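Welcome! Let's take a friendly walk through this structure together.

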Amino acid sequence: MTTNKTDHLYLHVPFCRTICYYCDFCHRVYRKDIAEKWLERVKEEIQENCEGHYETVYLGGGTPTCLTCEELDCLLSYLDPFTKGASEYTSEANPESLDEEKIHIFKKHGVNRISLGIQSSDEKLLKIMNRHHSFDDVRNTVELLKKNGLTNISGDLMYSLPFQTMDILKKTLDDVLSLDLPHLSIYSLTLEENSVFAKKGYTPLEEDMEADMYEYITERLKKEGYIHYEVSNFAKEGYESKHNLGYWRYDDFLGISMGAASKIGNLRFTNTAGFEKYFHAEDIREEVTELTKEDEMFENVMMSLRTLEGLDLKTFEERYGVSFEEHYQEAIRKHSKDLVFEKGRVRARDLALLHPLLIDFLED
Ligand code: SF4
């Protein structure tokens, strides 16, 4: 059996208090009896699969903070043997379900970074999305986190939402910037097939408007001192997400719990997203894919070019036994103006124009 040892650990908490209308992640509305069963199962999975020490840990979901204090404490204690001294230990949180007691539990177990769901400061949009918090709740939560010494906070925002105008977006950025957060992730709406938005027949904004919003966001945040270090991510210097950089650098990672994906060498696993199978099946891995070297090389390029730091050429050659320049001669020639080679790395000149560039790497 192959080892599961990786530097990065992800754990998926499959519950939310309510379901946002744009979302179809693997989750269900929190129910105590199911959460208790899930905790038992996840404990086994952690004990069977986690190995050694993880450099970065990420609790996502779902909403980890919709667990009760007791459940959250249990979950983090199962992880303790593997997370001690992690350089970055993040938990996602929503403003309406994070209180001071949960902050103390996070701190007790070494969580040192919070990714907070904000999405928008516009009350009408929050309602349309079925978000159950106001921007005042966000402000209060950020104050509470900072008061308790958890200052490494990332805010999650969305744009290209139905009924969102440029003025609404600008006001949201003004509001969010007033919180003085060191990291922001800003994603455009993707209409997920099983989301309530899709069922209601909502459509994203026109492509031109979406592009204008993206341009406004990137320019505005750069002016405010954020580094645009990945297509959708912005950080003050030193606050780039180490865990996500692991994904973009194409490091291996282990995913625990329902719907979580893992990458170990050339193998990909995705755990079942169904509760019954998760609770009872012996083998919970549903999709196991063995990637060819060609697939791996392209995935590596695709992930790394999303970032400002780009792809490390020496690491690429060491991993695949062929140089990037040699393997992708055609695509490089075609996009010589769109790529920047410097200091042993290659990166995209403009992260907004990544898509057409990657299509040519896929075909090369
Ligand atoms: S966006 Fe987050 S809080 Fe909302 S339903 Fe999806 S996982 Fe739950």
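## A note before we start

Please keep in mind that this is a predicted model.

Let's begin with strand 5, which spans residues 88-93. Of its 6 residues, 6 are buried, so the rest of the structure largely encloses this strand. The burial applies to both faces: Glu-88, Thr-90 and Glu-92 are buried on one side, and Tyr-89, Ser-91 and Ala-93 are buried on the other.

What does strand 5 pair with? Strand 4 (residues 56-61) runs parallel to strand 5, and 4 bridges join the two. Within this pairing, Val-57 has Tyr-89 of strand 5 as its bridge partner. To get from strand 4 to strand 5, the chain passes through helix 2 (residues 69-83), in a β-α-β crossover that is right-handed.

Strand 6 (residues 113-119) also pairs with strand 5, again in the parallel sense and over 4 bridges. Here Ser-91 has Ile-114 of strand 6 as its bridge partner. Helix 3 (residues 100-108) belongs to this part of the fold too: together with strand 5 and strand 6, helix 3 makes a right-handed β-α-β unit.

## Arg-220 in helix 8

Next, have a look at helix 8 (residues 207-223), where you will find Arg-220. Is Arg-220 buried or exposed? Its relative accessible area is 18%, which falls under the 20% cut-off, so Arg-220 counts as buried.

The side chain of Arg-220 makes a polar contact of 2.8 Å with the side chain of Asp-174. Setting aside residues up to four places away in sequence, Arg-220 touches Lys-170, Leu-173, Asp-174 and Leu-177.

## His-8 in strand 1

His-8 is part of strand 1, which covers residues 8-13. With a relative accessibility of 6%, His-8 is classed as buried.

Which residues is His-8 in contact with, leaving aside its neighbours within four places in sequence? Two of its contacts are Tyr-54 and Thr-56.

## The ligand shell

Finally, let's turn to the ligand, which is surrounded by 13 residues. The closest of these are Cys-16, Cys-20, Cys-23, Gly-62 and Asn-94.

Definitions and conventions:
Residues numbered from 1 in each chain as written. Predicted model: local features only at pLDDT ≥ 70, side-chain atom pairs only at ≥ 80, totals over all residues. Heavy atoms only, no water. Buried < 20%, exposed > 50% of the residue type's maximum accessible area, 1.4 Å probe, protein only. Pairing = 2+ DSSP bridges. Right-handed = clockwise from strand over helix to strand, strands pointing away. Polar contact = N/O pair within 3.5 Å; in protein donor to acceptor, adjacent residues only side chain to side chain. Contact = heavy atoms within 4.5 Å. Near = heavy atom within 4 Å.
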